[in-house]
Amino acid sequence: MRIMRALVAAAAAATLLAGCVEGEDTGGKADEAGATTLRLDYAYYNPLSLVLRDQKWLETDLAAQHVTVSWQLSAGSNKANEALRADAVDIGSTAGAAALVARANGAPIKTIAVFSQPEWAAIVVPKGSAITGVAGLKGKKIAATKGTDPYFFLLQTLDQAGLEPGDVTVVNLQHADGKAALERGDVDAWAGLDPLMATSEQESGSKLIYRNVAFNSYGVLNAREAFLGEHPELAQAVVDAYEKARQWIEDNPADAVKLYAREAKISEAIATTVLTERTKIDVDPVPGAAQRAVFEKILPVLVADANVKTEQGARDALDTLFEPKYAQ
């Protein structure tokens, strides 16, 4: 199947184009000279994006159609969603729950592919902390990045333990700042994200006090609806290239670890932990029933915490978020 996808990718890409441009872009639309820019994000929580950016397959395969490729770093799902809303990228990578919340709140996006089933979020406390379980979080300060899977992980964790969001003080910090706050002792706990979480474990002795892979909502690719309407062939080329990146990681595990370590500026030991122990990339790329089952469980918690405007809006988003044809 993956070989067939690779052949499809090559055939589709032969009809397109790219160079690597970081400055001027035309937002997925042709300029007066007929050039088009395909604007993508890359993220350290999305290893496939790092491979795709490094190998430059899209830049090479799309070159015949005067399409250039620009890349923008997403520091978290919230930043990827901001870029999509601002028409700064055409396709961005987020956690599934973050995509659901964004669409429920009016963002015109569609999930077009699944890139991983990660265990990238957990509850972390600093070295020497007396907190050993979720019950110990009551009354404590917890760093988390709102609008991202670690925050939604925290909400589900509290709910399962019979705690309310108001039973803790959430300090809204971007992931890297949350890690720093934890290690400085400014907060009692952190809803962490890999590879930052694994780095804090191995380099600072931080401890994961609660893990639950079922509370992690998949890694997904989201595209602006306007972009899908204007350039479905480019969306297809990206999804096909992601499948090529998935296969490359499976075929080159040692090189994948080295690439991940270099790009994310982490040790190879940390990269190995994240890629081999906490990231399942051999998943069905077609968004559908598996993701919906996770979202159904998360949705009541999102509504209770007012992450979505209305429950009906969240239900409508759940029914309209997926566009599976590109990954099929």
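These are my notebook entries on a predicted protein model.

**Overall counts.** I started with the secondary structure and found 14 helices and eleven strands. I then looked up burial: of the 328 residues, 56% are buried. The exposed surface comes to about 13100 Å². Carbon and sulfur atoms supply 51% of that area. Residues 24 or more positions apart account for 80% of them.

**Five-stranded sheet.** Next I traced an open sheet of five strands, with mixed pairing. I read its order as β7-β6-β8-β5-β9. β7 (169-172) and β9 (207-210) are the edge strands, and each pairs on one side only. From one strand to the next, the twist averages 35 degrees.

**β6 and β8.** β6 covers residues 141-144 and β8 covers residues 189-193. They run in the parallel sense, with two bridges between them. I noted Ile 142 opposite Ala 189 in β8.

**Helices across the sheet.** Which strands does α7 lie across? I found β5 (121-125), β6 and β8 under this helix of residues 175-184. Its angle to β8 is about 140 degrees. I then took α8 (residues 196-204), which lies across β5, β8 and β9. The angle of α8 to β8 is about 120 degrees.

**Helix α2.** Last, I went to residues 47-55, which form α2. Buried there are Pro 47, Leu 48, Ser 49, Leu 50, Val 51 and Leu 52. I also checked what comes after α2: Lys 56 follows, with a positive phi near 60 degrees.

Notes
Residues are numbered from 1 along each chain as its sequence is written. This is a predicted model: local features need pLDDT of at least 70, side-chain atom pairs count only at pLDDT 80 or more; totals for chains, interfaces and linings use all residues. Side-chain values use heavy atoms; hydrogens and water are left out. Helices (H or I, at least four residues) and strands (E, at least two) are DSSP runs, numbered from the N terminus. Buried means under 20% relative accessible area, exposed over 50%, partly exposed in between (1.4 Å probe, protein chains only). Contact means heavy atoms within 4.5 Å. Accessible areas come from the Shrake-Rupley method with a 1.4 Å probe; for residues, only the protein chains shown count as cover. Two strands pair if DSSP finds at least two bridges between them. Axes are lines fitted to C-alpha atoms, for helices over the stretch in contact, and angles run from 0 to 180 degrees between N-to-C directions.
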